[in-house]
Protein chains: 2
Amino acid sequence: MRPLFHPSLDDIRPEGILHALSDPVRAAIFADIASIGCVETCSAFASVGNRIIPKSSLSQHFKVLREAGLIRSERHGVEMRNTSRCGEVETRFPGLVAAILNAYLGEAKRAEASL
Amino acid sequence: MRPLFHPSLDDIRPEGILHALSDPVRAAIFADIASIGCVETCSAFASVGNRIIPKSSLSQHFKVLREAGLIRSERHGVEMRNTSRCGEVETRFPGLVAAILNAYLGEAKRAEASL
DNA sequence: CCCATAGTTCGGGAAATTGGAACTATTGAT
DNA sequence: ATCAATAGTTCCAATTTCCCGAACTATGGG
């Protein structure tokens with residue numbers, strides 16, 4: 001198992017961030033990690049919404065988020081802890097992550113209201 | 001040739017916008033349409049940067065932007081005029097498009113500075 | 001040492017992207 | 001009206017990417 005790759009702040013690209021967050025599942029995972037400074041394990045997301053995500057897919061999703069520069073993953077014993085890199089990303093792309101998370105948040109509220 | 005489909009404002013989704021703009025070529029096209037003049041033909045983008053884009057691909061790119069709700073395309077005689085829907089999108093996802101365009105803009109400036 | 005847990009990697013089928021060639025629609029010229 | 005030119009679209013095949021089950025790896029505990 002090769003060590004996890006994390007891009008340096010300089011290597012983070014807008015297209016990577018947009019691609020990573022253009023998938024609603026990844027956006028939901030990231031929103032969760034980003035909220036309240038959180039630290040989350042991968043398996044905390046065995047389901048997103050009411051959809052069950054196979055762990056091989058989850059692993060890929062975390063990899064995409066990591067390589068986009070949105071999260072940092074560290075092994076702690078048997079599990080992986082994921083923290084957001086919002087702070088760093090904000091210095092490079094001001095307002096970007098916040099606007100994206102906010103857009104998805106508005107979307108979720110709409111869905112709820114129209115039940 | 002079936003008529004062009006434009007989603008109503010209500011049907012515009014964050015994932016569609018992010019996906020559309022996660023491609024640097026589409027982002028460049030959209031940035032151009034969104035800036036000042038706002039009316040552009042497809043063939044004005046035969047090349048983006050120094051890359052030549054085949055017209056079948058260009059047509060697809062415009063379709064993706066259109067179906068994401070980012071642009072409106074109307075036929076005027078033999079050509080297509082594309083206008084941005086930034087204003088509408090802004091009411092639904094405040095700050096989103098601006099933050100994305102700004103992120104790409106910063107990126108372009110960096111690339112220039114590091115020559 | 002063996003088992004359980006947490007993730008990663010592999011591999012094949014499904015879906016999306018790309019771009020050349022053929023097609024369609026509109027205008028202008030003969 | 002016919003023909004040619006221009007601007008885009010559609011078709012299709014090759015490539016790429018995505019998804020998820022199965023097999024694998026790493027770590028900690030009994």
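The exercises below concern a predicted model with chains A and B.

Residues are numbered from 1 along each chain as its sequence is written, and chains are lettered from A in the order in which they are written. Local features need pLDDT of at least 70, side-chain atom pairs count only at pLDDT 80 or more, and totals for chains, interfaces and linings use all residues, while side-chain values use heavy atoms, with hydrogens and water left out.

**Exercise 1.** Describe the extent of the interface of chain B and chain A.

Solution. Start with contact, meaning heavy atoms within 4.5 Å. By that criterion, 22 residues of chain B touch 22 residues of chain A. Next take the buried area, the accessible area (1.4 Å probe) that two parts lose on being put together, summed over both. The value is about 1,700 Å², and carbon and sulfur atoms give 62% of it.

**Exercise 2.** Find the salt bridges across the interface, then the parts of chain B that supply contact residues.

Solution. A salt bridge requires a side-chain nitrogen of Lys or Arg within 4 Å of a carboxyl oxygen of Asp or Glu. The rule finds six of them between chain B and chain A. One of these joins R13(B) to E107(A), with the closest N and O atoms 2.4 Å apart. Now assign secondary structure, where helices (H or I, at least four residues) and strands (E, at least two) are DSSP runs numbered from the N terminus. On the side of chain B that touches chain A, helix 1 (14-21) and helix 5 (96-113) each supply at least two residues. Helix 5 of chain B gives the largest share, eight residues.

**Exercise 3.** Determine how chain B is related to chain A.

Solution. Superpose the copies by least squares on the C-alpha atoms of residues with pLDDT of at least 70 in both. A rotation of 180° with 0.0 Å of shift along its axis places chain B on chain A, at RMSD 0.0 Å. The two copies are therefore related as by a two-fold rotation axis. In chain B, the C-alpha nearest the axis belongs to L18(B), at 2.6 Å. Both copies use the same surface, as 100% of the contact residues of chain B recur in chain A.

**Exercise 4.** Locate the salt bridge of R72(A) and E88(A) within chain A.

Solution. Over all chains the salt-bridge count is 12. The side chains of R72(A) and E88(A) form one, at 3.2 Å from N to O. R72(A) lies in strand 4 (residues 71-76) of chain A and E88(A) in helix 4 (residues 86-92) of chain A. The pair links distant parts of the chain, 16 residues apart.
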